[in-house]
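Let's take a walk through this structure together, one region at a time. Please keep the model open beside the text.

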Amino acid sequence: MLSRTAENLYWTARYIERADSIARLLEVAYRIHLIPNTTEGYQNEWESILAAAGIKHNYLNSNSDITKNKIEYFLLFDPNNSSSVKACIENARNNLKMVRTAVTLEVWNAVNTWYHELANYDKVKYDSKNLPQILDWIKRQVNLIKGTINNTQLLNDGFDFIYLGIFYERADFTARIIDVKYYILLPSSSYVGTQVDNFQWSIMLRSVSAYRGFKWAYGNSQIDYKKIIDFLILSNMCPRSIFYAVDKIQYHLGRLTQFYQSDNAANRNVKIIHKGFVNSNAEEIIDFGLHEFLTKFIDDMSTTYSDLEEVYFLGTDR
Amino acid sequence: MIICMFNEVFDKNKPRVAYKDIVSWANSIPYHTLIKKKNEAENLFKKIGITFSVYNNFDSAERLIPFDMFPRVITKLEWMTIQEGVIQRSLAINAFLRDIYNKCEIIKAKKIPAELVFVNPAYEIKMVGLKVPHNIYSPIIGTDIIRTDSRSFRVLEDNCRTPSGVSYMIENREIMMRMFPELFEKINIEPVENYSSYLLDILKSLAPRKCEGDPKIVILTPGPLNSAYYEHSYLADTMGVELVQGSDLIVEDNITFMRTTQGKQKVDIIYRRIDDDFIDPLSFNETSVIGVPGLFHSYKSGYVNICSAPGSGIADDKAIYTYMPDIIRFYLGEEPKLPSIKTWRCSKPADRKYVLSNLEKLVVKEVHGSGGYGMLIGNSATKTKINSFKNKIKNNPDNYIAQPILSLSSVPIFKKDALTPRHVDLRPFTLLGHRKRRLVPGGLTRVALKEGSLVVNSSQGGGVKDTWVLKN
C-alpha cells in the first residue's frame, strides 16, 4: 500500500472520531444547560468544554465573551476554528478523497453524504434550538460510517490504519478530558469527594458516553473517582476507556507487523505501554498523580505515533 | 458558410429508425417521473462523487456535470466508419510523433513546414533521438467528432496528451441502466464497461526496456483539486493500480520507486495525467511541485515508461491539425477516412486576408488553446469582440486559425416536459499498445445546454449524455 494512502486513511479516521468526540462534548454542555444553576462550579462548565477540546485560547481570539450559543457555533461551524466539526468533516472527506479507491464505495458514500448534508446545517444561521438535532445527525453519521467500515471493508492493512486513527484519537481525547476535569476544573483539592466533585465526574462519564456503561459495570453505587479511574482508564470493557484504545492500537499494530512480516519500534513501545496498564491499578495511578500519569501517557503515545509515521508513512527503506 | 443543422433524431418530425423506440419511450414518460428520475440520477452522481472542479470558480469548488437522460444513438454502420477513422488517425499521429523526434522525413519531404514543428512550444527538444518503448508515444487518444449531415462525421480536434471524459462515458451508462432498465431490455446496446480492462491490457504491453516480469503500473495525478480527479481515481480503482501523486514517487539511481508501507517499490509504467511541463522539475518546469525530480532521466534510461510520452502534445496542436490529412497520407499511404474541417491558417497571408474580412462567418481559435477558452464565434459575437479579435489576429497571426461556423448535429434534451434539440459532439477513446489496438464501442457525447450554443465544454456549461452504439 502507498504510504500516503495509509496516512490518509489514518487521518480520515482520526477526523471522524474527533467530530464524534466534539459532538459528545457538546451534548454534555446541552445537558448542563438544562440543569438549574444552583450549585457553585456549574458556570465554568462552558469554559471546561473549550478547555477539553483544547481550543479555549483560539475561541477567545475571535470571541469576547463565553456564551452558550457562541461556543456551540464555534465548536460546530465557525470558520475561525480549525478543529470545528465542520472542519473535521471536511478534513475527513479531503483525506478520503485522496484515497477513495482504498475504501469501498459504501464507505465513501457514507463519508461523502455526511459532507454534503453538512451544507444543510451550515447554510442557515446557527440556532441553538437545533443543537440536539445536529448532534444526533453527527453521531448517527459517525456510527453509520464506522458500521460501513466494519461491514464492507476488506480486513487488509488499510483496515488497520483506519482503526489506528480511530483509537489514537480516542486515547488522546479521553486522556485529555480526564485531565482537564481533574486538574483544571476542580477549584481546589478540598472539593475532592464533595457533591460538586461527584457531579463533575458524572458529567465526564456522559461526555464520553459511558454513563450508562458505568452504572452497568458498578451497579448503583456512589460515583467516586477511584471507580472512575478504574473505568475510564483501566477497564477493558468500556469502549471509551484509555486502556481499551491502547489494547486496540496494540492489536492493529500487531496485525500490521504480521501482515508485513517485520517488527518495528511503534509496535514494541505500544506493547510496553499496554503492559504498564495491565499491571496497574487505580491506587497506583492516584499515588503517582493522575495529572502526571495522563501527561506521561499522552507523551508516550505521541512518541509511538512518531515511530508509526516513520515506519509506515514515509515509505523509505528501513 | 453556415451549414444547415442536422437533426440526428427526427427527419421532418418523424423519428429516424434508430431512435423510434427511444422517442416513443421519451414521449411516454410522465413529467413528474422524469423529474423524479432526474433528481435520482443527480443524487447518484453526487453520492459517488462524480464532480468536477472549475478553475477560476471560487464559490463552488465542486460541481456536478449536467446529465441529460435522452440517449444519443449511433448505428452499427456509423460506428464502423468512426472506428476505422479514429484508429487510422491514432496510428498516423504516433507515426508522426516518432518521425518528428527522429528522422523528420515528413519535413524533408516538405509536407509540413519545419518551423511549424520545431518552433512549436509543444515540441519537446529533450525527446529528440530518444527511443520510446515500442514506438508508442500516445497510447490513449480522444478524438472529437462532429456530425454535419446524415453521412459525414468530421474530426474537430485530436486529444493525445491526457484526454479526459472516459469515466463519464462509463458512469453515464451505469446511471442509465439503473434509471431505465426497461430500455436496455428492449434495445441491443454495446457495453462500454470493458474500457478499464482494455486500458490495463494496453498499458501492460508498453513495458520499458529494463522492466523484468509483470510491469508495475501506476496512474500519476496532480491531486484532488484537479478537474478530472474523479476520473483518475475511477481508472485506478477499476484497473486495480495505485493512484499516485508526485510526492509518492522517488527516483534513485535512475530507477523510479513509489513509497509504500513496506518501503520502496519499483514502478515500471506511469499513466500520467499531469502535463508535460510538470512531470519533472529537474528536466522541465523547475517550479513544479507536483512532479517527480529525476523522472525524465529514469525514463531516458529505460527504467520507466511515461504514457503519453513527453512532447506528444504537438500532434494535437491546432496548427498541426490542418495538416492531418497530409500526415495520414504520408505515413499510411491512405486517404483519411474521417474528413477534417476546412481551416484557414492566419499565418498564411491569403488565408489571413480572407479571415479578417469574413470574421462574422467564422470560428476563430487560438492555436494552442483548449477547453473552449479564447475562442470567437463570429455570428454571435459583439462588434467589440470581433474588433478585438481583428487586432489580435493582426498582431499575432501565427497564433490563430479559423474554421467555418459548423452547425453541429443535434439530439434533443429533456427540457420541462418537451424535447428540445441541442448541439452535440462525440469523443471516442482509441487505445494503442504494442501490436494491439482497442476501442470501446461508444464515447462521450457532450451537449451544449444553452439554446443555439455550439460550446459543449463542461467548463463552459456543457452537459453529457449516454452514448449508445447499437449492436445491430
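This is a predicted model: local features need pLDDT of at least 70, side-chain atom pairs count only at pLDDT 80 or more; totals for chains, interfaces and linings use all residues.

## Helix pairs in chain A

Let's begin with helix α12 (residues 242-260) of chain A and helix α13 (residues 265-278) of chain A, whose axes come within 9 Å and cross at roughly 150°. Since angles over 145 degrees count as roughly antiparallel, α12(A) and α13(A) are therefore roughly antiparallel to each other. The crossing in which α12(A) passes α13(A) is left-handed. On the α12(A) side, the residues that meet α13(A) are Phe243(A), Val246(A), Asp247(A), Ile249(A), Gln250(A), Leu253(A), Gly254(A) and Thr257(A). Facing them from α13(A) are Ala266(A), Asn267(A), Val270(A), Lys271(A), Ile273(A), His274(A) and Phe277(A).

A second pair is formed by helix α5 (residues 85-98) of chain A and helix α6 (residues 105-122) of chain A, with axes that come within 10 Å and cross at roughly 145°. The crossing of α5(A) with α6(A) is left-handed. From α5(A), the residues Lys86(A), Ile89(A), Glu90(A), Ala92(A), Arg93(A) and Leu96(A) take part in the contacts. Their counterparts in α6(A) include Trp108(A), Trp114(A), Tyr115(A) and Leu118(A).

Now move to chain B and find strand β13 (residues 269-272). Ile269(B) and Tyr271(B) point one way from this strand, while Ile270(B) and Arg272(B) point the other way. Which of these four are buried or exposed? All of them are buried.

Strand β13(B) has parallel links to two other strands, taken here in turn. Strand β8 (residues 217-220) of chain B runs parallel to β13(B) and is joined to β13(B) by four bridges, with Ile217(B) standing opposite Ile269(B). Strand β14 (residues 305-307) of chain B is also parallel to β13(B), through three bridges, and here Ile270(B) has Ile306(B) as its bridge partner. Between β13(B) and β14(B) comes helix α10 (residues 295-300) of chain B, and together they make a right-handed β-α-β unit.

## Antiparallel sheets in chain B

Chain B also has an open sheet of three strands with antiparallel pairing, in the order β10-β11-β12. Strands β10 (249-252) and β12 (263-266) of chain B stand at the edges with a single partner strand each, so one side of each is left without a neighbour in the sheet. From one strand to the next, the twist averages 40°. Four bridges hold β10(B) against strand β11 (residues 255-260) of chain B, and Glu252(B) is paired with Ile255(B) as its bridge partner.

Another open sheet, this one of four strands, has antiparallel pairing and the order β15-β18-β16-β17 in chain B. Its edge strands are β15 (344-345) and β17 (375-377) of chain B, each pairing on one side only. Inside the sheet, strand β16 (residues 362-366) of chain B pairs with strand β18 (residues 400-404) of chain B over five antiparallel bridges. Glu366(B) has Tyr400(B) in β18(B) as its bridge partner.

## A closer look at Val9 in chain B

Our last stop is Val9(B), in the segment before β1 (10-11) of chain B. Val9(B) counts as buried because 22 C-beta neighbours lie inside 10 Å, and 20 or more are needed for that label.

What is Val9(B) in contact with, leaving aside its neighbours within four places in sequence? The partners are Pro15(B), Arg16(B), Tyr19(B), Val23(B), Val411(B) and Pro412(B). Val424(B) lies 415 residues from Val9(B) in sequence, and the two are 12 Å apart in space, C-alpha to C-alpha.

Methods:
Residues are numbered from 1 along each chain as its sequence is written. Chains are lettered from A and ligands numbered from 1 in the order in which they are written. Two strands pair if DSSP finds at least two bridges between them. A residue is buried if 20 or more other C-beta atoms lie within 10 Å of its own, exposed if 12 or fewer, and partly exposed in between; C-beta atoms are placed from the backbone. A crossover is right-handed if, with the strands pointing away from the viewer, the path from the first strand over the helix to the second runs clockwise. Axes are lines fitted to C-alpha atoms, for helices over the stretch in contact, and angles run from 0 to 180 degrees between N-to-C directions. Angles under 35 degrees count as roughly parallel, over 145 as roughly antiparallel, 65 to 115 as roughly perpendicular and the rest as oblique. A crossing is left-handed if the near helix is turned anticlockwise from the far one by less than a right angle, and right-handed if clockwise. Two residues are in contact if their C-beta atoms, placed from the backbone, lie within 7 Å.
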